[in-house]
Amino acid sequence: MHSIFVFTQAILSLLKVTRSAVVFLCFVPSLVFGQDFDLVTQQKLNPQEAQDLRQLLQQPIPEGLSKQAANQWFLTRDSAAFRLGDPSERERILRLWLTTSPNIDAKWTLGSYLMENSSKPEEGFALMEEVLQEQKHPVHMVRVRARLAKGYLEEHNLKKAQQLLDQANTIIANEFSR
């Protein structure tokens, strides 16, 4: 992911940034990686793989994990639930992650999931709005605005999406032109 954003920064420094360029460059990673995720879910698991993944999901979180190790533990379980195609288990894991280790990665992951894959998109938007307030790095400030704008576009809230894209455009103009 980092290399995509370095590439994006280089392109933006060469171009006069337009709103359409911001939108395109912010959504390219989600389009590319979204296709990979679709391929993963279309793969048929053999019964042993499915059983192994279910057993993995039932393991309790070990005591005393560092923040980084806890994040990796939850990401592994999220991936297992995703591969199983089990949305309720995935939501359970993501909620447990946020409760156990309330950090920006947990908020971002649960928020994005709820925005797109649940009957509670407003909860997902609220979590992503929290992430928006917490992000201080310019690249991530643009990414979260683009992610939220995409969600608002899907919800037909064009005014809010436009505001976020305008903010992203301003950040790019101010931060990446140096």
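**Entry 1: the whole chain**

I began by noting that this is a predicted model. How many helices and strands does the protein chain have? I found 9 helices and 0 strands. Reading along the sequence, I wrote the pattern down as α-α-α-α-α-α-α-α-α.

Next I looked up burial, and 40% of the 178 residues in the protein chain are buried. The chain exposes about 10600 Å², and carbon and sulfur atoms supply 56% of that area. I also checked contacts between residues with a separation of 6 or more: 53% of them join residues 24 or more positions apart.

**Entry 2: H4 and H5**

I then turned to pairs of helices, starting with H4 (residues 67-84) and H5 (residues 87-100). Their axes come within 8 Å and cross at roughly 170°. Angles over 145 degrees count as roughly antiparallel, and H4 and H5 are therefore roughly antiparallel to each other.

Which residues meet here? From H4 I listed Asn71, Phe74, Leu75, Arg77, Asp78, Ala81 and Phe82. Their partners in H5 are Glu89, Arg90, Ile93, Leu94, Leu96, Trp97 and Thr100. Sorted by class, the contact of H4 with H5 has 8 nonpolar, 2 polar and 4 charged residues.

**Entry 3: H6 and H7**

My next pair was H6 (residues 104-117) and H7. The two axes come within 7 Å and cross at roughly 145°. Is the crossing of H6 and H7 left-handed or right-handed? I noted it as left-handed.

On the H6 side, the residues that meet H7 are Ile104, Lys107, Trp108, Leu110, Gly111, Ser112, Leu114 and Met115. On the H7 side I wrote down Pro121, Glu123, Gly124, Phe125, Leu127, Met128, Glu130, Val131 and Glu134. By class, the contact of H6 with H7 has 10 nonpolar, 3 polar and 4 charged residues.

**Entry 4: H7 and H8**

I stayed with H7 (residues 121-134) and looked at its pairing with H8 (residues 138-154). Their axes come within 10 Å and cross at roughly 160°, which makes H7 roughly antiparallel to H8. I noted this crossing as left-handed.

In H7, the residues that meet H8 are Phe125, Met128, Glu129, Val131 and Leu132. In H8, their partners are Val144, Arg145, Arg147, Leu148, Gly151 and Tyr152. The contact of H7 with H8 has, by class, 7 nonpolar, 1 polar and 3 charged residues.

Comparing my lists, I saw that Phe125, Met128 and Val131 of H7 meet H6, and that Phe125, Met128 and Val131 also meet H8.

**Entry 5: Leu75**

I went back to Leu75, which sits in helix H4. I looked up its distance to Ala106, 31 residues apart along the chain, and their C-alpha atoms are separated by 9.2 Å.

**Entry 6: His156**

Where is His156? I found His156 in the loop between H8 and helix H9 (158-175). Most residues other than glycine have a negative phi. Phi of His156, however, is near 65°, a positive value.

Is His156 buried or exposed? His156 has 69% relative accessibility, so I put it down as exposed.

Definitions and conventions
Residues are numbered from 1 along each chain as its sequence is written. This is a predicted model: local features need pLDDT of at least 70, side-chain atom pairs count only at pLDDT 80 or more; totals for chains, interfaces and linings use all residues. Side-chain values use heavy atoms; hydrogens and water are left out. Helices (H or I, at least four residues) and strands (E, at least two) are DSSP runs, numbered from the N terminus. Buried means under 20% relative accessible area, exposed over 50%, partly exposed in between (1.4 Å probe, protein chains only). Contact means heavy atoms within 4.5 Å. Accessible areas come from the Shrake-Rupley method with a 1.4 Å probe; for residues, only the protein chains shown count as cover. Axes are lines fitted to C-alpha atoms, for helices over the stretch in contact, and angles run from 0 to 180 degrees between N-to-C directions. Angles under 35 degrees count as roughly parallel, over 145 as roughly antiparallel, 65 to 115 as roughly perpendicular and the rest as oblique. A crossing is left-handed if the near helix is turned anticlockwise from the far one by less than a right angle, and right-handed if clockwise. Ala, Val, Leu, Ile, Met, Phe, Trp, Tyr, Cys and Pro count as nonpolar, Asp, Glu, Lys and Arg as charged, and the others, Gly among them, as polar.
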